[in-house]
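Have the structure open while you read, and find each piece as it comes up.

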Amino acid sequence: MADEVDLEMWTVVDVNAPPPENNPPVNQDPSKEPAVEKTRMEDSGSPSLIEHEESVETFSPPSAVIPGATGGSNGVVFNTKYEGPGTNVIANVTSVGDLREKVTLSWKNINVFVPQPRPSICKRLCCGDNDDEPRIKQILFDVNGKIEAGSLLAVMGASGAGKSTLMNVLAHRNIAQIQVTGTVEVNGHPIGLEINSLSAYIQQEDLFIGSLTVKEHLTFQALLRMDKHTPKKKRMERVEEVMLELGLKKCADTVIGIPGRLRGISGGEKKRLAFASEVLTNPLVLFADEPTSGLDSYMAQSLIGSLQRLAASGRTIMCTIHQPSSEVYAMFDSVLFLAEGRTAYMGTTAEAVPHFERLGYPCPMNYNPADYFVQTLAIVPGEEEQCRDRVKEICDVYSELEAERSKEESGYKSGDRGIERQDSFQADVLFKKRSPYKASWCRQLMALLWRSWIVNKRDVIVFRIRVMQAVITGLIAGLIYLQIPYDQDGIQNISGVYFFLVTSASFTSLQGVIFVFPVELPVFLREHKNGMYRTDVYYLAKTLAEIPVFLISPLFLITIAYWMIGLRNDFVHFLVCYGIMCLVTNVAVSFGYIISTIAPTITAATSLGPPLMLPLLIFGGFFLKNTTVPVYFIWLKYISWFMYGFEALIINQWKGYGSIPCTTETTIAPTLSPANSTSAGNGAFCIPNGDAAIAFQGFDADNLLFDVYIMIALMIGFRIISFLFLLMRAYKEQ
């Protein structure tokens, strides 16, 4: 009969106590010692054998622990920190599910306060600072509730009722800017931030890397979110299980898609993929913020059906939901209605209609109960006072019922009397020194490199555009400066072409990376907050994955332009020129990373790029000689990679070059310094050799290695600065 009604039968034996003298428990031989019974049950290999420590009553509040930590071979250890000696309790659970997958979540006296921003300075100066205005607004008022293990709870209410706030508070997510008091308990044990280790949070907005397939996305999640001791084979098996469980097998090899760019899976499949990403780690508690938003009634019903199956497997699931159909509403085990930050009703969905009917608000026939209850608890514009009175009446009645129920329960739990409940949101509970990352640093780097490489490989259009830019720029430069003659006019033309190549490579490289971080920032922030990887690993992987592209593009540019223009005809000088252009490109990329990490959007990044680069361009040594830079702008010259790259290219071109022919109208300069050169009547100078050409530009022929070292330092320095900006954004969100 127990199997038919799915009952759970408990037999509790104190192994340290003497055998009972009278009234032995049913099905227990009085002649058997409890210790012997314990040994027999352990030898039988029962997966339902649970051993935990239960301590003698003292009235000090328990500190937050994580219930359900594995102990022994098949057991679950519940550690408390009550003072006094403990006794071991053996529980024989005859149920289908393992108790390790059973978690009851409860919360008591949850209050949420939001600090109100002060008026602007102009308003305070004009209208004065009104001290009567409250500085803090209360959002939730003494909210209590409980979700039994293996049940599916819907949190409903009108807009502004506090649904998402309550769920964020219970999940300990997104609560940095608010003040919270109250107690959150798991299986009766107060818990703080540690709830993140046994729960998953599915946010309303679906954020994915659209170039990945469904299976690749879940594989990436499995590599970084599952326990580090789990072998790869088990991770892949878990990925297959989750896809089968949530109906994602048919689209396993389909790309997720990017709206407006790349067609992928449907909206319903994206929702199921979001659930699959969280279910991978077998969380005991699942929070979902409006999972049916944007879905039609059929897809919403299908998704809630998936949640029902997850709840039936022993998980505790809580989700906010907006305007469910009557069929979807009936699929929930229990429902919580919030109104003006208070609890209007919490119980089974079947009891909700009789409850409101007893209050004088009967649900009409053939009417969706969810819509009717939300409308009853809503604050209608123009009828605010009447609606608030109705809401207060309904909430007061439920508060009285809740108080009576709590009083009855406290009669059976005399041990709770006099115990002060622990606040789950105190600083010492919230902040503990514990690494949130499941994977090692190297595993994080390898997984992120793998994902970044796939994204870059699939984004063929961007790669082709970058290569075509380099090819076309090289052809344009080659055609304009085709086979420059090495005479007095050619010196200036060669300077122009080198500066053109430096400028072109810098601008195209910067424009190619300024959108990198704004595009992926929401995904990065969510995955980082979920404890998947560190900020430094993400930044390093992104920059390393981009390096091949920015080594190939200057190769195409220089290979085409160098020989068409007829620059110094020596392969060693060609290689040096290519190396300098690679440095110029990567310094520009590093500067672009700074803009990318500062800018909140792609539009802002695109607008910031050129204005910030133009001052560095002016002090590059072509438009303004280095010897004539104003003192108050000298610092711009020293951080301009245009100057170092241009100088290095000029030195590579002209150092050690022989004589340069002069025309009859020019006078040969007697020294290498153009300041001491003589000129003809028409003012034309003659630059007799390559070293004189270097000096004429205001450069030093011995600065080649110095320029290379400075560009390397700028590249590293710019990347460190951009990483610090990214770290600040991640810390601010955290």
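Start with helix α19 (residues 549-565) and helix α20 (residues 571-598): their axes come within 9 Å and cross at roughly 135 degrees. That angle makes α19 oblique to α20. As for handedness, the α19 and α20 crossing is right-handed. Keep in mind that you're looking at a predicted model.

Who does the touching here? On the α19 side, the contact is made by Phe550, Leu551, Pro554, Leu555, Leu557, Ile558, Thr559, Tyr562 and Trp563. On the α20 side you'll find His573, Phe574, Cys577, Tyr578, Met581, Cys582, Thr585, Asn586 and Val589. Sort the residues of this α19 and α20 contact by class and you get 14 nonpolar, 4 polar and no charged.

Now for another pair. The axes of α14 and helix α18 (residues 535-546) come within 9 Å and cross at roughly 40 degrees. So α14 is oblique to α18, and α14 passes α18 in a right-handed crossing. From α14, the contact involves Trp441, Gln444, Leu445, Leu448, Leu449, Arg451, Ser452 and Asn456. Among the α18 partners are Asp536, Tyr538, Lys542 and Glu546. By class, the contact of α14 with α18 has 10 nonpolar, 3 polar and 4 charged residues.

Here are the two pairs in one place:

Next, follow α14 (441-458) to where it stops. Aspartate 459 lies in the loop between α14 and α15 (460-480). Is aspartate 459 buried, exposed or partly exposed? It's partly exposed, because its relative accessible area is 23%, and buried would mean under 20%.

Finally, zoom out to the whole protein. How many helices and strands does it have? The count is 25 helices and 17 strands. Buried residues make up 47% of the 734 residues. Among contacts between residues at least 6 apart in sequence, 76% join residues at least 24 apart.

Technical notes:
Residues are numbered from 1 along each chain as its sequence is written. This is a predicted model: local features need pLDDT of at least 70, side-chain atom pairs count only at pLDDT 80 or more; totals for chains, interfaces and linings use all residues. Side-chain values use heavy atoms; hydrogens and water are left out. Axes are lines fitted to C-alpha atoms, for helices over the stretch in contact, and angles run from 0 to 180 degrees between N-to-C directions. Helices (H or I, at least four residues) and strands (E, at least two) are DSSP runs, numbered from the N terminus. Angles under 35 degrees count as roughly parallel, over 145 as roughly antiparallel, 65 to 115 as roughly perpendicular and the rest as oblique. A crossing is left-handed if the near helix is turned anticlockwise from the far one by less than a right angle, and right-handed if clockwise. Contact means heavy atoms within 4.5 Å. Ala, Val, Leu, Ile, Met, Phe, Trp, Tyr, Cys and Pro count as nonpolar, Asp, Glu, Lys and Arg as charged, and the others, Gly among them, as polar. Buried means under 20% relative accessible area, exposed over 50%, partly exposed in between (1.4 Å probe, protein chains only).
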